[in-house]
Every structure is written in structure tokens, then in C-alpha cells.
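Here is a friendly note to read with the model open beside you. Take the points one at a time and find each residue as you go.

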Amino acid sequence: MDADGIHDTSHRVPRPAGPPPKPASPPGLGYVPAPSRAPSTGPTLGDWLRVSRPAAEVGVWRYGHVPRAAEEPEVTPTRQLISGAALSLVVGLMLWSLLWNGYLGSFWIWPLLMFTPDSWRGTTSFVVAGWTWYAIVAATLIITFGRLGRWPELLRRLVRRPATGKPAVPPAPTVLPGEPADPAGWPQLRASGLTEAAERLTLEAQSGRMNDVDYARITRAWESVRVDSARMQPFEVSVRDKGAAACLHPSGARDLPVRAARHDLLVRQVLLGTVDTGARIPYARRGTGFALDPTVLGTSLLAVGPSGTGKTGRLVRPVVESLALQALAGQAAVIAVAAVGAQLGPDTAYDVVVRIGDPNSVYDLDLYGGTTDADEAATLLAEGFVGDIPGMDVRRAATALSQLLGPFRAAYGRFPSVPELRELLEQMKPAVDALRQALEDSGLQTMLRELDARVRQHNGPADPGALLADRVALLDRPAFANFFDTSGAGRPFSLAALEHPLRVRIDLPERAHADASRILARLLLAQFNASATARADRSLFAFLAFDDASHTLTPGTLRGLQRLRSANAGVLLALRTLDEVPEALRTALLGAVGCRMAFAGVTTWDGQRFAEAWGTEWVETRVVTHRTVFADQPLTRAIHSFRKLVSGKAVTTDAVTVRQEERERWSASDLAHAVPPGHAVLSLTTVTGERAAPLLVNLTT
């Protein structure tokens, strides 16, 4: 990692030269497993671009979305339809028989006699005209009684077949190729006079040498050109010379090695699943795709569910994968933090992979977050080391650390390593004397006073030094001997690099060093909060994903989460239970995040917290009281019997009571017992304040 946060690529695994292979599936439909790939599967990039993506409610998968009516139409029971159709058929046949046999007179053939000449009587022409008129009358009766008996609706219901097992039909393009608004023709470049560049890119797309990442990346580069006209000529030259490979990501990658979810980079969405079709779901959202994008992830997401419910495979990996694709397109920077062995994609899908405790790790981790300010570094370390201890004054701990970090950096031009910091906190005489001598030799009297103050406070009342030393000792282990280097000899990754479109994965040794992993997780969250809000350029969406955020939150980092919305950044926190968060922070956590997700199997205690956060809503309830009508007269009883035969119901009188009631959107019991396996209940909030009420989502479709 250089001073600007850009890492060199000399150590990378060589990537295949030339354009990427033509995707086997449409970019918006995501990755297709190898056994099912076929060269002709899915639409081309041009067809994918031309599919409509209408504006929709928060969380709706917009690719090919067709809006539905707000209210569910009334559905007539099939038995009632059959009875009504049969009755109308009988009446229609009876009327036709009466007309044909002359029981109703001859009025219905008057139009035939009026519009045919008398000379036609007894001729073939009159016979043809007569049968034509009979056909018209019969068709009129069929149409009239067919509408009365609702024959078309009955026919559609009887011939309709379930679509289970059939492949999904890709949405039809809404723009024809060659039209001025055709996005595959790069109209934005043509409008600015870059016709040659637009033709080159159009040819690349038509020949299959361009994928969805290329399109998103070049579109992003064009947006930067519109902001700064000085970039126009380099952009035009790059596109003209390299085509779809123009404006490449620093890694040289143009796609991920594998995709486990469906993505739509045109609107930066990732599909999580399908909204349930149950009665408690609003009709307009039933069966629609449920997707996430940076506008909702920017409010941060909390996911709670027991082990084995799919938090990693059905939430964390799709979200990280989506942002990794956006990083290749120059739109985002993503950092994924997980235990060793978590299935978050292959190493080749990331630019930086930090394996804490693994001697073969190429990258190290900067314990000080890339800052050169001793006070800021001390604040971040204090949050990581002692921020989780109830009653601990983090500011006092930060002051104690600052009294050591400041003098050490002034004397040696760097921050102390973990063993050196531990010795100073424990007031080891050789270490303290060496630091004092270095300060005296440099004439740094101010820093000498800081060091002397730390020495005087050591082992005093409420001194955090001993506790800090114990926490630092968890990182001063043989397994971490080659990590957290501050001499400049290693290759530490720093969260100060969030201004660059990086894809980073940090593996924590949770099995062997659980306490150390929790310290590092808290430290990473504190550093991310500080670095994301301190960025001068916030055009990139910065995201930090924790596959396991247990014992990670502190009061300080929770306050930092609330400031990420305005910094174009967000955090994903996955927990097995809310018990892994300090009790005093649980309510504040649910209020700080804008997106909440409860997986199947949560406890009623966790469900109660979610139910309180989601609140109540007014619902209209209808109480219908049925009273059977008993007839005394034979004719009335016959009529009632006929009505029962037609409708399938006994003759009753109904008393309807309508009232408004306030009910919980999802109760604790519903969340604990009514959410099927493979499902989750989600609510979303965008950075602009738009909200989506909690919905039951099937994550397996």
C-alpha cells in the first residue's frame, strides 16, 4: 500500500489477457452455475440495457418490474363461477329455442325482411342472408349471456396452469435497437460529439466483448468527465484505443471470478429474494423481487438470526459481492470482516486479503488506521481496547494512550509496535527510560511533560493503564508477531484508503484468538467511522460488512454509525442474537440503523425488540355475523334451495361491523414462530427518509 492508499499489483496472480468471455446469463440475472451454462442462455447486453426499470417503492427489484394495483381485486369462487355460467347457458339456450320455434313471434327476423329485397324470396341469396342473420343473432346471444355468466373469466381460470418448474421468461426490451434513446448506442456520448467513441463502444457491446461491469465503469467515468471537462480528451483516447477495457480498475479486473447472486449494475441493485404472497403483505408488493442498493445500505443494516439461517450466504455475501462489482465500476469501496473460512467468495475476488495471524498473509493491518495524529490514534485504540467495558471512561483511556503515543512518535517518527506499547503501558523501566532519553536528546520538553504525567498516574486511582496493558497483551502473542508492524517494512492496509475503489477482506482468527478478534473488530469499526466521515471525496460509497458483529458495538461506535448517512457510507451488522450487544445499547442500535432484518428462528425476546422498533399500524377490521334464514312457505324453500345450489352457500342475512384497530405490524410471537425457514422479515429506510414497512421475504427464490 503506497502513501495514497493504492496498493501495487506485482504480487497478484496473473489474470487472463484479452476481453472477458461473453456472460452465459444476462447481467441482471446474475451468475449461472457451470453445469447449466449454455452459449445461447439469456439476452445480450444490449437487450439487458433496453429492459425497463421503472421507478418503484423502496426495495423493489426494478429490472423488468411491472407495477401492480394497490388493492387486490375481488376474486369470485370457482364454484360460483361455474354455477353462474351454467345458469346463463341454460337461459341462453332456452331463449334461442323460444325464438327458433316461434314462441315469441317473428319480430326478431324483421331486420332480415326489411334489409333484403322482395325479389330475393325463395332464392339462394335469401337463404344465405337468412343463415347469416341467424348467426348474428346467435352470436349476440352468446356474447350477451357469456358476459352475464362470466364465461371468459371461468375459461381463464380453468385453463391456467402453474408456472412452477418453468424457466423465467426475460422481460421484453422497451426500447428498440437503433432508436435515439437506445442506451446500448451510448446516446450521451453522441450528444457530446464523441461519435467515434460511441461507435467503438456500440461495436464492443454487439460483438460480446463488453459486460455489465464495463458498461457501469465507463458510464461512471463519463459522469466524472461531465464534472471536469479537462478529462474529456483522456477519456476519448482511452475509449477509442481500448474499447470496453477503457478506464479499468487498478487491479485490471473486469468482473468477479464467480457470482452467487443476481445483480443489476445499471441501478446498483442486488436481488435478495421474493416478497411473500400472504394476506398480511400489501397486494402491490406480493410476489415482487426484493433488492438492496446503496441508497438503503447507506442507513446501515442490522440482521439478527441464529446460526444456520443463511445470514452469510443469503445476505452478507450477496451484498459484499454487489459492492465488489460496483468497486470494479469505480462506484464503491467495500471491506468485509469475517472469521477464517467464512464463505465470502474466493481470494481473487478481492484486491486486498488480510489474514490476521496467518504467516502467509501478504498484507498486514495498520493498528492506527493510517492517522499521524497521536490524539486521534489514541481515541481509536481506546474504543477498540476498552470501549466494551461497562462503566469505563473511554476518554480517560484515550488520554492515557495519548500520553504515550505522542512522545513516542515525536521521538522516533512512528507509533509504537504492540510489544513496545505494552511495555510503556506496564511502565517497564528500560522502555520508559529509553523514551525519556530520546526526548531529552531532541529537546522535546512538552512531550517530556506528557510522559512524566503518565508515569505519575500509573497505578493511581481509576488509572486505565493496567487494563489497557492487559488488552494490548491479547495482541502481543506469537501468532501476531509478524503483524501490526509500524517500522514501514511490512505492507499494512489502512482504512484511510476508503477514497479508492478497493475490495478488501479481513479474516479474523476467532477460533484461536476470540478476544483478540473482538478487539480488532471494535477497532475496525471505530476506524471506519472516522475514515468514512473524514474523506475529502465522498463520491464513492464506502461500506463495512461484519459477518459476525458480536461484542463489536460500543457507545462511541454506535454514535459514529448515525453520522455515516451523510458521509455516503454504511455498515452491515450480522448477529446471532441481540444478547451479543450490551443491554444498554440494544434499543439505541435498533434506532440508529435504518434497515432491520429478522431471520427465521429469532427468540421472542429479540422479536419483542423488533416489534417495538417497527411499531403499530391502523387496520380496518370487519366482523360479519351470519344468520341463516329459514323459510316457511314451499315456494320460498324451493327458491332458497335453488340459490344454495347456484352459490354453494345457505341463504343468510349478514350483519357487518367495521372498525379501526391499532395492531403491531409484526408481533414478537409472529417473528419467533410464524416466519418459515429460509425467510426473513425486513424493513428499509433510504438516506432521504423513504421507508418500506416490514415485509416477509423468501430468501431462497
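1. Start with N459, which is exposed, at a relative accessible area of 61%. The words used here have set cut-offs: buried means under 20% relative accessible area, exposed over 50%, and partly exposed in between, with a 1.4 Å probe and protein chains only. N459 also has a positive phi of about 65°, although it is not a glycine. You will find N459 in the loop between α16 (445-457) and α17 (465-473). Helices (H or I, at least four residues) and strands (E, at least two) are DSSP runs, numbered from the N terminus.

2. A word on the source: this is a predicted model, in which local features need pLDDT of at least 70 and side-chain atom pairs count only at pLDDT 80 or more, while totals for chains, interfaces and linings use all residues. Residues are numbered from 1 along each chain as its sequence is written, and side-chain values use heavy atoms, with hydrogens and water left out.

3. Next, look at H551, a residue other than glycine whose phi is positive, near 60°. Where is H551 found? Its place is the loop between β10 (541-546) and α19 (555-562). H551 is partly exposed, with a relative accessible area of 35%.

4. Now for the rings. Those of Phe, Tyr and Trp (its six-membered ring) pair if their centres lie within 6.5 Å; planes under 30 degrees apart count as stacked, over 60 as edge-to-face and the rest as tilted. By this rule the count is 15 aromatic pairs. One of them joins W96 and W108 edge-to-face, with 6.2 Å from centre to centre and 65° between the planes. W96 belongs to helix α2 (residues 78-100) and W108 to the loop between α2 and α3 (110-114), so this pair ties together parts 12 residues apart in sequence.

5. W100 and W131 form a tilted pair, because their ring centres are 6.1 Å apart and their planes lie at 35°. The pair links distant parts of the chain, 31 residues apart: W100 is in helix α2 and W131 in helix α4 (residues 124-148). W100 is partly exposed at 43%, and W131 is exposed at 54%. Ring pairs also link W96, W100, W108, W131 and Y134 into a cluster.

6. Finally, the charged end of R409 sits over the ring of F415, 5.0 Å from its centre. "Over" means that NZ of Lys or CZ of Arg is within 6 Å of the ring centre and within 35 degrees of the ring normal.
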